[in-house]
Amino acid sequence: MYFEKIEQFGNFEMGYISDFSGGYISRNRNLFEKLQLSKLTQFILEKSVFGTPIFKLGDGGNKILVLSGIHGNELSPQIANVNLLNELVFKEFNHTLYFIPFASPKSTMNNERTFNSMDLNRSAHIKDSLSNLIIQAIVDLEIDFVGDFHSTAYNSNPGFESIFSSKSPTPESFLIANYIARDVGSEMISIDYAGSSYKGAVEDVCNLKRIPAITGEVLCPFGNVARGSVEKSFSQMESFLSYFGI
Ligand SMILES: [Zn+2]
């Protein structure tokens with residue numbers, strides 16, 4: 001994958017996962033009105049028109065991905081991820097951080113769970129699906145750890161604030177989930193073997209490839225932003241990074 005250095009924002013680079021998933025994020029008013037419109041945020045939105053951008057900060061150490069927007073109508077984690085990028089962009093650390101704030105800008109624009117009727121968290125194992133292209137990038141970039149951040153509504157699955165992981169075949173995902181759950185007070189949900197309850201979740205496909213991955217869920221109605229839910233998702237992301245000393 002080709003990464004372009006963006007001098008304007010220090011040690012910041014970007015590339016594209018795909019060129020067929022772009023969208024005008026600003027058309028999602030529920031999300032847009034909650035964004036802090038910094039120069040960096042505007043840059044991210046402009047780049048999201050042409051596909052799914054991936055951003056990179058720092059060099060060396062572990063390669064860590066913070067992912068959100070796998071479900072386009074789960075707004076809080078996408079806002080939190082943009083806020084996290086804004087907070088970290090001019091900082092120094094001994095690791096390489098990757099960010100995909102909008103996995104499917106088109107779905108986010110339309111405030112839709114799916115991308116072209118496909119649930120991206122049930123299709124990461126299907127070759128060349130949009131979430132499979134994210135998996136391919138994770139493998140190509142040799143990313144070591146993945147945090148995938150979602151939101152969940154009452155009466156949906158799981159329906160409460162939580163961190164998902166599995167014990168096998170990649171036990172470190174369980175350790176990371178346990179760390180975050182204790183740190184921020186989220187419930188811990190762990191299955192014995194990745195992908196055993198359903199197929200194609202980004203987290204499970206990573207764990208099956210021996211890349212430790214967790215899913216964070218905060219409580220929020222779909223298509224909307226509940227009070228405090230952006231901050232909660234942000235603390236799950238911060239806690240994920242703090243596991244690595246960031
Ligand atoms: Zn989700």
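In this report a residue is called buried when its relative accessible area is under 20%, exposed when it is over 50%, and partly exposed in between, with a 1.4 Å probe and protein chains only. The structure is a predicted model, in which local features need pLDDT of at least 70 and side-chain atom pairs count only at pLDDT 80 or more, whereas totals for chains, interfaces and linings use all residues. Residues are numbered from 1 along each chain as its sequence is written, and side-chain values use heavy atoms, with hydrogens and water left out.

## The zinc site

Glu74 and His150 are both buried. Together with His71 they coordinate the zinc ion: His71 and His150 each through ND1, and Glu74 through two OE entries, at 2.0 to 2.3 Å. Donors here are N, O and S atoms within 2.8 Å of the metal (3.2 Å for Na, K and Ca); water is not among the atoms, so sites may look incomplete. The arrangement is irregular because the 4 donor atoms subtend angles of 58 to 149° around the zinc ion. Four donors count as tetrahedral if all angles lie between 85 and 135 degrees; four count as square planar and six as octahedral if opposite donors are over 155 degrees apart and all others between 65 and 115, and anything else is irregular.

In sequence, the donor residues follow the spacing H-x2-E-x75-H. Helices (H or I, at least four residues) and strands (E, at least two) are DSSP runs, numbered from the N terminus.

His150 has a relative accessible area of 1%. Beyond its neighbours within four places in sequence, His150 is in contact (heavy atoms within 4.5 Å) with residues including His71, Glu74, Asn121, Thr215 and Glu217.

## Salt bridges

The structure holds 7 salt bridges, each defined as a side-chain nitrogen of Lys or Arg within 4 Å of a carboxyl oxygen of Asp or Glu. Three of them are tabulated below.

| Pair | N to O distance |
|---|---|
| Lys56 and Glu13 | 3.9 Å |
| Arg113 and Asp119 | 3.1 Å |
| Asp128 and Lys127 | 3.7 Å |

Salt bridges that share partners join Glu13, Lys56 and Asp59 into one network. Lys56 is buried, with a relative accessible area of 13%, and Glu13 is likewise buried, at 17%. In the second pair, Asp119 is buried at 16%, while Arg113 is partly exposed at 31%. In the third, Asp128 is partly exposed at 43% relative accessibility and Lys127 is exposed at 65%.

In soluble globular proteins, nonpolar side chains tend to be buried together. A nonpolar core is a set of buried Ala, Val, Leu, Ile, Met, Phe, Trp, Tyr and Cys residues joined through side-chain atoms within 4.5 Å. The largest such core has 44 residues, and Phe12, Leu57, Phe99 and Phe240 have the most contacts inside it. Helix H3 gives the most to this core, with 7 residues. A second, separate core of 26 residues includes Tyr98, Leu133, Ile138 and Ile143.

Helix H2 (residues 39-48) has as its buried residues Leu40, Thr41, Phe43, Ile44, Leu45 and Ser48. Their cover includes strand E2 (12-18), helix H1 (29-32), strand E3 (52-57), H3 and helix H4 (105-109).

## Two individual residues

Asn132 lies in helix H5 (residues 130-140) and is buried, at 10% relative accessibility. Its side chain reaches the backbone nitrogen of Asp128 at 2.9 Å. Apart from neighbours within four places in sequence, Asn132 is in contact with Ser123, Ala124, His125, Ile126 and Lys127.

Tyr2, in the segment before strand E1 (4-5), is exposed, at 65% relative accessibility. Tyr2 and Gly15 are 13 residues apart in sequence, and their C-alpha atoms are 5.8 Å apart in space. With neighbours within four places in sequence set aside, Tyr2 is in contact with Met14 and Gly15.

Notes
Polar contact = N/O pair within 3.5 Å; in protein donor to acceptor, adjacent residues only side chain to side chain.
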